[in-house]
Amino acid sequence: MAKKNRNVGVIGIGQTEYSSHKEHQNQAEMVNEAVRYALEDANITLDDIDCVVHGNMELFEMVHQPDMWHALGSGAYGKDQLRITTGGTTGASLVCAADNLVASGMYDVVMAIGLEKLQEGHTTGGITNMADPLWFRHLQTGALTATTATMMMEEFGEDRAKRAAMKYRILMDKHACLNPRAHRRFGLEYDQLEDLMNTSPKLVGELRLIHMCSQSDGACVMIFASEEKAKAMCKNPVWIRDHITVHREETFNNFGLEMPEMTHHYAGRKLFERNGITDPVEYFDVFEMYDPSAWWGLDWLREFLQLKDDEHLKLLEDGEFDLDGKLPVNPSGGVTASNPIGATAMLRPAEAAMQIRGDAGPQQIKKEVKHALASGFGGTLWSVLIMLEKDLDWQEV
Amino acid sequence: MKRVAVCAVAQHKCDSNIWQKRFQGMLLDVLEDIKEQTGMNFSEEGGVKSIVSASDDVFDARTISDNGMTDVLGAHYREEEKMAQEGLNGLGYAMSVILSGHEDAVYVAGHCKESQGESRNMCTNLSYDPFYGRAMGLDYTNVAALQARAYMEKSGLTEEQLAKVVVRAREWAAKNPYANATKQVELGEVMYSPMLCDPIRTMHAYPVSDGAVGFLLASEEKAHEFTDNPVWLTGFGCCMDSYFLGDRDLASNFALKRAAARAYKMAGITDVRKSVNLVEVMDCFAYQQPMWLEGLGFCGDGEGGQFIDDEGPAKYNVNLSGGMLAGNPVMTGGLYRAAEAVLQLMGKAGDHQAADVNCAVAQSTTGGAGQFHTVLVLEK
Amino acid sequence: MAEYFGTAVEDIFNTMEERFIPEGTHGVDATIGYNISGEGGGNWKVTLKEGTLKVERLDAEVTGCAVTLNAEAETFVGVTLGKIDAGEAFSGGKIRVDGDITILVNVLPKAFRQFTPVIWARDILATVRERFRPEKAEGVNMKIGYDLSGEGGGQWTVVVKDQTCDLKEVLDDDCTVVMRMEAPVFVDLNQGKLDGATAFTSGKVKIDGDIGAAGQTASLFEKYVAEGAAEEKGEELISLKCVPSINQRYATGPAVGRWFDGLKEKKFYASKCPNCERTLVPPREICAECRVRCNEFVEVGPEGTVTLIDVVYYASPDPLTGKIRETPYTALFMVLDGASRDESFAHDLNPKDIDRIKPGMKVRPVWAEKRTGSYKDLLYFEIAD
């Protein structure tokens, strides 16, 4: 890869709690809550911010150019401000953008704000409107599909696949139960596995209600600074090493007799290659992954981490994705626990950065976290991968 | 600081009703145009791997509307970010993608079909909070009228001066093959055109427009692969004002002055009147041309009216494209401004080419009554 | 165990620990004796000291406390629950206090949260008739079964018919819907301590029968409020409901326009990439892989080979009509004859084939009789025998 013009560190993180509704505050107030937490966390004031990057989906809350109204709470008044939206990947796009804006030298300190108040709109309807209005909109069912479940059951056998997906789901819930900000914390136990596998209501095929992500309200804010400023302003900045974004064509036309390489696999392959990482499971100490359903989450571990055959199932079955495993996945509980869409993909690098800082709270991984991976998902199976580091000691390839 | 090159621009001709194409069709024309000019490709080795789009979900009536554009942006298995603001910010962001070292070439494309929805005012009404602003019936037209009144009082801007702005815009538009409203008009016609939203008359307002526009940006090292006649992006700044109209001094140009100051500082411009010899402003309504020019520093505070009579717009080569008044869709208002500036700096502006242009400013605005402004400096 | 007003004397003392507010006893050092006579009575000694609490049950009458309260069990429970006026009971001699009465009046209210009696599922169900809202039940005929397990459980059927409501302590065989859960889960749900969607999603509540009917039940009854419970007054939150809509006029462009033209003639047209020869169905203006314009259209299908099957149980609104779609319905992914192998096409399956459909099967389109060049021209696909 080309050499980065200058290094960029995360110096502040703020999150609201995530919940199914927040009638006690309007959108601008919700944004403001997360902004205040991030400023407090960074121990700076709005005066230190040069530029704000904002993102959420207009048609989820039915507000056109919502950054205008949100300026009441975002702190953008008098400052440069950009607005970037890319669907589910929005939060990750904002992080990549903030990284570029700071690395470019155009701004020293950039604050990224991702948010959604899904309660204020109709989420499945909003997602359905993503499809082409002339044809596909009539066929779409929101983001619900069991294609991955069907393919996994075909490949690994029905029982093993269903057990693995439910084990993944329960693991995520166990992590969510530790995270005080998580929206859904069911308190699921492994002894419920078989029961849930068979009785949780079906949404589509073997995609059951319990497998699917929530619809949440909430906002996440991250503050980024140049190396010089980050070191001066912050005791333990977390460094953004690299990021990659991979989109694919307009339609879900990829379920033919031959399947193309998934963007997840492509993103991992390119990113690891250009950073000289040959064994991502070994290299990374945590992976915060955008997992919209248990089936997708489990399947995508194989794609992102460049695993073969049933390696991902084995790692799960052996507890290697647990908090004390080889590569803990989603200590935050992931997206099946909390899903404020425009913020969701920012929660991933935010939670990963907190793991590196060592102040993630009850869901902190016990062993030292030096290298973190975070992913975003959106559009027609688009992927973003972001690499975060504790130390500025990586080797340029 | 390193420089970012614009290697090529492509504009779709604007029209009030491009019924025969989906927005994808307009963007495809633009993509082909850029490819033809530069040989741009999207290969993994050496091709363009980063794309910035600019559009708006409400105008597109489609959630995450860039999903429908991946194909025509060349973004299949590539990076694409959607600037959900007026597109000039997309150029600013694309600059950072290159200056950061992340990528060495970026394709930027914006579009908007104002004709698709029943009313663009219904779209912009949705930008106000649902409790108060929306219920009041605020939209970008009637809010602009409040600002027009405030600025006319501040600057003494007259009906005749406003009419001059419109007449001149149409004259230049006639020479621009991409402009929408090219019919010539006379002062009296403008001055007595029906009132749209007092004091804004129908002919003071830009026509409903559809269009798309594209840019190929590259690092200084990479640019020669695409062109031997690059234009440099040397300054960028933007700024947000308050949301509630009552919190703002509508005639003050608060956000524009700050955005301009930042862009000029980045470009090393200390005296804009000496350094800049071409200006493109996003004048959705006639009063905005003198007001934005004032905010950009081309005349003193409250002197916008006199500036028109003093032939200021001719002196600084203002809106030789015809400007917004000649009709560009709102989400790409600034991108069309920048495209014109690039053509002028490249010497490719044809019938409306100005002489000896070496430094240009393009400006755009988002939100009601200029709540948000963006300024881009381009140099030869 | 004797109960008064549904509560035993013991319950009150046994819950003291959880109702205790340590910060409310700052600077307090006191012992309180309780001699409760009659059935279910007993003797208790409560010690409050600098934010700590000790509750002891003694075998004999309590003496030597700073204050001692003597009462009949029924009076004591009644006063605690607010069913009997404390002042009257005191004045009437039903409560006798020895020692410093100010401790009872000033210290106790700060030291303990109000005792709230245990609520049982049967208490809640007993109130369904009075909570029933006939005006919401017009045209509703259903039997809602409750199968509650664990302590305080049992089986009940709530019968809603002709805008009346009845409760039976038996689970009928012909219930419209049966909700199964542990009794405490039922109580928590009705007290708003547990969210219905959460309980359902996590498997704490199982629903047999018509899920839609289960969702409807909430609107048929007033919210349950425990007897004597003070209604919590929170800040009033206002939300504004509106449906913004802007009419649209979408262009089809040349590619989708050709597709709709083809449907009129019962034909599928794909655009073909001049470079890689990939087909796109429905046609698009450009091949995303090669980034070149597709001007050529080729006919594909009409039959296809099924690759994947999605059976949809989730009831989503039909974007054409806004009506909730009938479930289950089946979405098929297929490769149309003559189309590229890696290019899938999706559409619905004829509901009659839902049990027979398998990947690899050939399917054929079923067309609307009158075709106008729109989505509606193609009804669905069915198995081609």
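What share of the contacts in chain C with a separation of 6 or more comes from residues 24 or more positions apart? Such residues account for 60% of them, a contact being heavy atoms within 4.5 Å.

This is a predicted model, in which local features need pLDDT of at least 70, side-chain atom pairs count only at pLDDT 80 or more, and totals for chains, interfaces and linings use all residues. Residues are numbered from 1 along each chain as its sequence is written, chains are lettered from A and ligands numbered from 1 in the order in which they are written, and side-chain values use heavy atoms, without hydrogens and water.

The C-alpha trace of chain C spans about 105 × 50 × 40 Å along its principal axes. Of its 385 residues, 45% are buried (under 20% relative accessible area; exposed is over 50% and partly exposed in between, with a 1.4 Å probe and protein chains only).

Over all chains there are 70 salt bridges, each a side-chain nitrogen of Lys or Arg within 4 Å of a carboxyl oxygen of Asp or Glu. One of them joins A:E351 to A:R181 at 3.1 Å, N to O. A:E351 lies in helix α14 of chain A and A:R181 in the loop between α7 and α8, so the pair ties together parts 170 residues apart in sequence. Helices here are DSSP runs of H or I with at least four residues, numbered from the N terminus. Both A:E351 and A:R181 are buried.

In chain C, C:D353 and C:K352 form a salt bridge at 3.2 Å between the closest N and O atoms. C:D353 is buried at 1% relative accessibility, whereas C:K352 is exposed at 55%.

Conventions. Helices (H or I, at least four residues) and strands (E, at least two) are DSSP runs, numbered from the N terminus.
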